[in-house]
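Me: I am new to this structure. Could you take me through a few of its features, one question at a time?

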Amino acid sequence: MTTTTEAAAPTRAVGSAHARVEGRAKVTGAARYAGEISFADLAHGWLVLSSVARGRVRRVEDAPVLEMPGVLAVLHHGNAPRVDTDYVGMLGRPNPVLGLFQHDRVPFAGWPVALVVAETSEQAREAAEALVVRYDEEPHDVAFDAGRADAYTPRNNPMMPAETEKGDVEALLGDSAVVVDEEYTTPEEHHHPMEPHAATAHWDGGRLDVVDSNQGSTWVAGELAKLFSLDPARVRVRSEHVGGAFGSKGVGPHQVAAVMATTMLNRPVRVVLTRRQMFSLVGYRSPTAQRVRLGADADGRLRAFDHQALNLSSTVHEFIESSAVLGRVMYDADAHHTLHRLVRLDVPTPSWMRAPGEAPGSFALESALDELAEKCGIDPIALRVRNEPVTGPVSGLPFSSRNLLACFEEGARRFGWADRDPRPGVRREGRWRLGTGTAAATYPSGVGPSTAAVTAETDGTFTVRINAADIGTGARTAMVLVAAEVLKAAPDRIRVRIGDSDLGPAMIAGGSMGTRSWAWAVTLAAEELVKRLALGGGIPPEGITTRSDTAEAVGSLTKKERHSFGAQFAEVAVDVTTGEVRVRRLLGIFAAGTIVNPLTARSQFIGGMTWGLSMALHEEAVRDRASGVHVGADLAGYHFATHADVPLIEADWVDDPVPDDPVGMKGIGEIGVVGVAAAIANAVWHATGVRHRHLPIRPDRILIAS
Ligand code: MOS
């Protein structure tokens, strides 16, 4: 099997390893993040969050705080500017969560009830901590569990169809030689980029200018324009460097608060979130309770497939953690059913968190597949080969390319899978029991319309302008390589400007769609420029600029099942007397279209896989039922994998051409995490003979099960 790394011709820009173009600026500190950029006359806002989980704000006792040193204002529901939250936002529905200080209701603990603005950040914080807010508290309910009687199916949610159904699942389950029927749970998990959310807003000659850290400044600018009823041309959002995002950096309370305060005070105002505040303000992954039922022939061929997933949302907004969507892509059966259900609680609204849906969904589904393989007495990879669908199990559409089996083949070869003894609990090494496990991965390959401009400068260099967001992925560098490829120019002759809504509309860095969407627009503009330059003639002082808009091309792409695929492999060592689980090896092999920059792509995969390890063994946010607030809402109390937990992780890929796609790229931002927790749980079973169906696989769970 040839990997694209080996196959890449050195003369090509796309596919050759290239260090981040802004790497030097980042490691020397020259790169400025949103919370560090200087402004004259800057004031600082500090959010005050509700300490109760449900009720009403009776009184904000702002008078004593207004006397404190440096304090300029206290915004709350009694005095804040009105905003319009009735527009349809990113989730396809109005989002009342952005209606900051618009009413006295408190829907969850950690809801913003005031913003204290002061001359310095320290003064703002001291005053915010001194501010007394009186509440009329009401009984709250934050208890999530599989047996909730008030769970419902979110029909007509614009995010996705909650349910798909074909054939008679119950009948075929009853008729199957082998049946797996199990429940799996995953806990509440949080995505906390190293750089906390930060926004500075100011009015600049009649235009609102917001310096922010986000996944798409076109998106944030558009939402702010609608919220504050402004002409979109009067709103500019910039986001040059972003220290991680993972789905958490869209439009949120901090930008809204900063815009309100700058409008009231007529000077620049910065609002930065604390780590603790992020636990309630930037979204998180809902806990899930999932039931998977598989019915198969004795040889493992699926006849009945059923995946039902329950998640929570706030009382304010309906968010579906789409855990059951995997089956719509991965496995076919004569009878096939997928269903999402929801329960609404007095908690913050969950949000997209790296591989939303697929991450927790793959834990349940890929664990169940392993259980089916065990019951049928066949190899887990052979089971997947046997159930490889020809077309989309639900849509019936052809796949644009589906190289899942090539991933398993290459992964099995490199991992040494053929030598595996299928019996659990046989390998020992001192106090350790050893096991290996595998799981499949997939994530949709989407694309969104984007615009780009490419300029040939008089000095022989090129400038690419596209409102991409580099959230740490290496997007800026990828665009350099994409442009270099088309222009047949050395990468160091290409400069890329991103992260500014004034550059024109472009897709967000989200849903693993950024690189493919932006590359398409940059390619079209650069191709146009090559044609123009071929006509000859000199370059005028302002350069020659060509532009592209992919809206039409993207819209006319043939409807197919378009996804990245992957195979995850894990080896674990388990000490059943201490409950300790050590992951010794992780290997992920992916089929994700053209890999633009092997250096940063590998880093993306490894990052996702590390997260999967963390999800399998460590991560779990705990909410106290009595108070409705988190226990240990910080990166000490929220346990996640550290260096000592992370072994050698290898990630690589197979050739994956997408013939009908003009850029041939898929997406790699999210698929790395998909399937890892299942591969580890399956390896723990192989080591110990015990199935772990509840994440994280903590030492106490190992001990109790042994
Ligand atoms: Mo990703 S969770 O769609 O930013």
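Me: At roughly what angle do the axes of helix α13 and helix α14 cross?
Reply: This is a predicted model. Helix α13 covers residues 475–487 and helix α14 covers residues 514–534. Their axes come within 9 Å, and they cross at roughly 30°.

Me: Is α13 roughly parallel or roughly antiparallel to α14?
Reply: Angles under 35 degrees count as roughly parallel. The axes of α13 and α14 cross at roughly 30°. The crossing is right-handed. The angle therefore makes α13 and α14 roughly parallel.

Me: How do α6 and α7 lie to each other?
Reply: The axes of α6 and α7 come within 11 Å. They cross at roughly 50°, and the crossing is right-handed. Roughly parallel needs an angle under 35 degrees, and roughly perpendicular runs from 65 to 115. So α6 and α7 are oblique.

Me: What is the volume of the largest cavity?
Reply: The structure holds 4 cavities of 30 Å³ or more. The largest is lined by 30 residues. N95, V97, V251, L281 and S351 lie nearest its centre. Its volume is about 460 Å³.

Me: How many residues in the lining of the largest cavity are nonpolar?
Reply: Sort the lining by class. The charged residues number 2 and the polar ones 12. The nonpolar residues number 16.

Me: What is the volume of the second largest cavity?
Reply: Its lining includes V57, H77, F101 and W111. By class, that lining has 5 nonpolar, 3 polar and 2 charged residues. The volume of the second largest cavity is about 40 Å³.

Me: Which residues lie closest to the centre of the second largest pocket?
Reply: The second largest pocket has a volume of about 610 Å³. Its lining is made of 23 residues. Those closest to the centre are L49, S50, G110, R276 and Q277.

Me: From which domains does the lining of the second largest pocket draw at least three residues each?
Reply: One of them spans 37–356. The other is made of two segments, 379–447 and 558–706. They are domain 2 and domain 3.

Me: Is the peptide bond from L695 to P696 cis or trans?
Reply: Most peptide bonds are trans. P696 sits in the loop between α17 (676–688) and α18 (699–705). The bond from L695 to P696 has omega near -5°, and it is cis.

Me: What is the phi of A355?
Reply: Most residues other than glycine have a negative phi. A355 lies in the loop between β15 (335–345) and α10 (358–376). A355 is not a glycine, yet its phi is positive, at about 55°.

Note on methods:
Residues numbered from 1 in each chain as written. Predicted model: local features only at pLDDT ≥ 70, side-chain atom pairs only at ≥ 80, totals over all residues. Heavy atoms only, no water. 1 Å grid on protein atoms, 1.4 Å probe; cavity = no way out; pocket = protein on both sides within 12 Å on 5 of 7 lines; lining within 4 Å. Points joined across faces, edges and corners; volume = space filled by probe spheres on them. Domains from an automatic or database assignment. Nonpolar A, V, L, I, M, F, W, Y, C, P; charged D, E, K, R; others polar. Axes fitted to C-alpha atoms, helices over the stretch in contact; angles between N-to-C directions. Helix = DSSP H or I, 4+ residues; strand = E, 2+ residues; numbered from the N terminus. Parallel < 35°, antiparallel > 145°, perpendicular 65-115°, else oblique. Left-handed = near helix turned anticlockwise from the far one by under 90°.
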